[in-house]
Amino acid sequence: MKKRLIVACGSGVATSQTIASKIASMFEDDGISFSVDAVDYKSIQSELPSTGIYVYVAQPDEDVLEKAKELGIAVFPGIPFLTGMGVENVYSQICELVK
C-alpha cells in the first residue's frame with residue numbers, strides 16, 4: 001500500500017484540513033507514521049495514483065470511486081471524524097491497513 005492518506009473536500013482547506021489534522025493526530029498518538037494530506041476534490045483524479053487511502057467529506061462521484069477501486073485504494077467516510085459518531089470503527093479499519 002502507498003504510504004499516503006488523502007482527505008478531500010470541495011476546497012481542500014476547511015473540512016478536509018480539519019479531518020486530516022484529526023487523523024494525523026490520532027496516528028501520532030498511536031505511534032503510526034503515515035502521510036496524511038488534505039486536497040481539493042477538483043484534483044482528486046490526479047491525487048489518487050499516489051494514494052493508499054482516500055477519506056471523503058462529500059460522497060464522491062462514480063468515476064472517482066471506480067478509479068479508486070481500479071487502483072486498489074481503500075475509501076472511507078470522513079464525517080465520523082467531525083461528528084465523533086462512529087469514528088472508532090472507521091479509524092480502526094484505517095489502522096488495520098496502515099500497520
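Predicted model: local features only at pLDDT ≥ 70, side-chain atom pairs only at ≥ 80, totals over all residues.
**Notebook: charges and salt bridges**

Started with the surface: Asp61, Glu62, Asp63, Glu66 and Glu70 gather there in a patch of negative charge.

Where does Asp61 sit? I looked it up and found Asp61 in the loop between strand S3 (53–56) and helix H3 (62–71). I also checked its cover: Asp61 has a relative accessible area of 38%, so I put it down as partly exposed.

**Salt bridges, whole structure**

How many salt bridges does a search of the whole structure find? I got 3. I went through them one by one.

Entry one is Asp37 with Arg4. Their side chains meet in a salt bridge, 2.9 Å from N to O. I traced where the two partners come from: Asp37 belongs to strand S2 (residues 35–40) and Arg4 to strand S1 (residues 4–9), so this pair, 33 residues apart, links distant parts of the chain.

Buried or exposed, what is Arg4? At 14% relative accessibility I have to call Arg4 buried, because the cut-off for that is under 20%. Asp37 comes out at 28%, so I logged Asp37 as partly exposed.

Entry two is Glu47, again with Arg4. The side chains of Glu47 and Arg4 meet in a salt bridge at 2.7 Å, N to O. Here I noted Glu47 in helix H2 (residues 44–47) and Arg4 in strand S1, so the pair ties together parts that are 43 residues apart in sequence. I checked the cover on Glu47 too: its relative accessible area is 19%, so Glu47 is buried, given that buried means under 20%.

Asp40 has a relative accessible area of 22%, so I wrote it up as partly exposed.

Conventions:
Residues numbered from 1 in each chain as written. Heavy atoms only, no water. Patch = residues over 30% accessible without salt bridge, like charges linked within 9 Å, V, L, I, M, F, W, Y side chains within 5 Å. Areas by Shrake-Rupley, 256 points an atom, 1.4 Å probe, with all protein chains shown as cover. Salt bridge = Lys/Arg side-chain N within 4 Å of Asp/Glu carboxyl O. Lys, Arg positive; Asp, Glu negative; His and termini not counted. Charge placed at Lys NZ, Arg CZ, Asp CG, Glu CD. Helix = DSSP H or I, 4+ residues; strand = E, 2+ residues; numbered from the N terminus. Buried < 20%, exposed > 50% of the residue type's maximum accessible area, 1.4 Å probe, protein only.
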